[in-house]
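Please open the structure in a viewer and keep the selection tool at hand. The stops below are meant to be taken in order.

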Amino acid sequence: MVRRDYYANASIPHGHHQNWHLIEEVIRELERVTDQWVEAETSITVQGKRDLYGSYNSLLDAKIELGDDHRDVTEVDISRQEFDEDGEYRTLSVTLAKNERNTSWVYASGPVKRTCEDLVRNLQSFILQVINHPETARLNSSAGEGIAARLQHLHPAVKPAAMARLVSGHGDEAVEEACKGVAARLRQLTGLDDDGVSLVSSALRKQGPIAINDGITTSDASEQQGYMHLGQALFLAARNPRAHRPSDPNFDTNEVIEWLSVASALHRALDRADPST
């Protein structure tokens, strides 16, 4: 089999080579795109001024060796490689360099199930995403599949908009949009011209315009009151803070999904109250 080598450039802005979180993300993605290499090993090499260099079998080893002082680090090389039974050598490596004149690059060689061009292109795209839009990169990586699965339980009134905003790295906007959807549905069911806590309180109060159950037993009354309080909490604790602060690019994905689940639960309760569903 003829060996084919492919080279491609990916510029990494100054300073990002010292971002250990970025390096960990790149390692995870590199291993994901080469998961068909059964016997592959990942290694990292750290080079720097004052002869600060070394070859490591794990990022943890490199961290321990470097301690907390990364100022002298000029280059981080990450590679994943394997020899197959026929002696063919396959490798995929990334260089994150301090000096942009030494352009950071992605290199791939050897026979692989997917073409080397695809491996290089996908890994380059991931690196640039993880620098500029960390959350988007995680969604598009192996972690993204897990997040998508975590959204499967959401009500149809919540899931499409939530997915679109999370994929673009906008967690706060996903929560705000979910809150807007709840408010719009409450107005549609009641004809009320209100918003936020006031709207929830008027729509879901005891003997109000929306009854989520028969309202006969004490348990029915408790459930009705509980959903009213749940809606109030959604707007007070989730929507209002996000409406009065800049969007947080480093949002907590778990927290966002939990608030989306609250909005979803409210929609499912409203399904029971809405004869058209």
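The tour goes from the whole chain to its core, then to a helix, a cavity, a pocket and single residues.

**Before starting**

This is a predicted model, in which local features need pLDDT of at least 70 and side-chain atom pairs count only at pLDDT 80 or more, while totals for chains, interfaces and linings use all residues. Residues are numbered from 1 along each chain as its sequence is written, and side-chain values use heavy atoms, with hydrogens and water left out.

**Stop 1: the whole protein**

Display the secondary structure: the protein has ten helices and six strands. Helices (H or I, at least four residues) and strands (E, at least two) are DSSP runs, numbered from the N terminus. Of the 277 residues, 43% count as buried. Here buried means under 20% relative accessible area, exposed means over 50%, and partly exposed lies in between (1.4 Å probe, protein chains only). A contact means heavy atoms within 4.5 Å. Among contacts with a separation of 6 or more, 64% join residues 24 or more positions apart.

**Stop 2: the largest nonpolar core**

Select Leu-186, Leu-204, Leu-234 and Leu-260, which have the most contacts inside the largest nonpolar core, a set of 32 residues. A nonpolar core is a set of buried Ala, Val, Leu, Ile, Met, Phe, Trp, Tyr and Cys residues joined through side-chain atoms within 4.5 Å. Next, colour α6 (159-167), α7 (171-190), α8 (196-204), α9 (218-243) and α10 (253-273), each of which supplies at least two residues of this core. The helix that gives the most to this core is α10, with nine residues.

Centre the view on Leu-186. Leaving aside neighbours within four places in sequence, Leu-186 is in contact with Leu-199, Val-200, Ala-203, Ile-210 and Leu-270. Apart from this core lies another, of 22 residues, including Val-33, Ala-40, Leu-119 and Leu-123.

**Stop 3: one side of α8**

In α8, select Gly-196, Leu-199, Val-200, Ala-203 and Leu-204, which are buried. These residues are on the same side of α8, because they cover an arc of only 100° around the axis. The arc is that of the directions from the helix axis to the C-beta atoms. What covers the buried residues of α8 includes α7, α9 and α10.

**Stop 4: the cavity**

How many cavities of 30 Å³ or more does a search of the whole structure find? The search finds one, and about 40 Å³ of space lies in the largest cavity. On a 1 Å grid over the protein atoms alone, a cavity is a set of points where a 1.4 Å probe fits but cannot get out, whereas a pocket is an open set with protein on both sides within 12 Å along at least five of seven lines; lining residues have an atom within 4 Å of a point. Grid points are joined across faces, edges and corners, and a volume is the space filled by probe spheres set on the points.

Select the lining of the largest cavity: Val-182, Leu-186, Val-200, Leu-204, Gly-231, Leu-266, Ala-269 and Leu-270. The largest share of this lining, three residues, comes from α10. By class, the lining has seven nonpolar residues, one polar and no charged. Ala, Val, Leu, Ile, Met, Phe, Trp, Tyr, Cys and Pro count as nonpolar, Asp, Glu, Lys and Arg as charged, and the others, Gly among them, as polar.

Now pick Ala-269, in helix α10. Ala-269 is buried, with a relative accessible area of 2%. Not counting residues up to four places away in sequence, Ala-269 touches Ile-212 and Tyr-227.

**Stop 5: the largest pocket**

The largest pocket has a volume of about 180 Å³. Of its 14 lining residues, select the closest to its centre: Lys-206, Gln-207, Asn-213, Gly-215 and Gln-224. The lining has four nonpolar, six polar and four charged residues.

Zoom in on Gln-207, in the loop between α8 and α9. Gln-207 is exposed, with a relative accessible area of 73%. Phi of Gln-207 is near 60°, a positive value in a residue other than glycine. Most residues other than glycine have a negative phi.

**Stop 6: a strand residue**

Finally, select Ser-79, in strand β4 (residues 73-83). Is Ser-79 buried or exposed? Ser-79 is buried, with a relative accessible area of 16%. Beyond residues up to four places away in sequence, Ser-79 touches Glu-41, Thr-42, Ser-43, Leu-92 and Ser-93.
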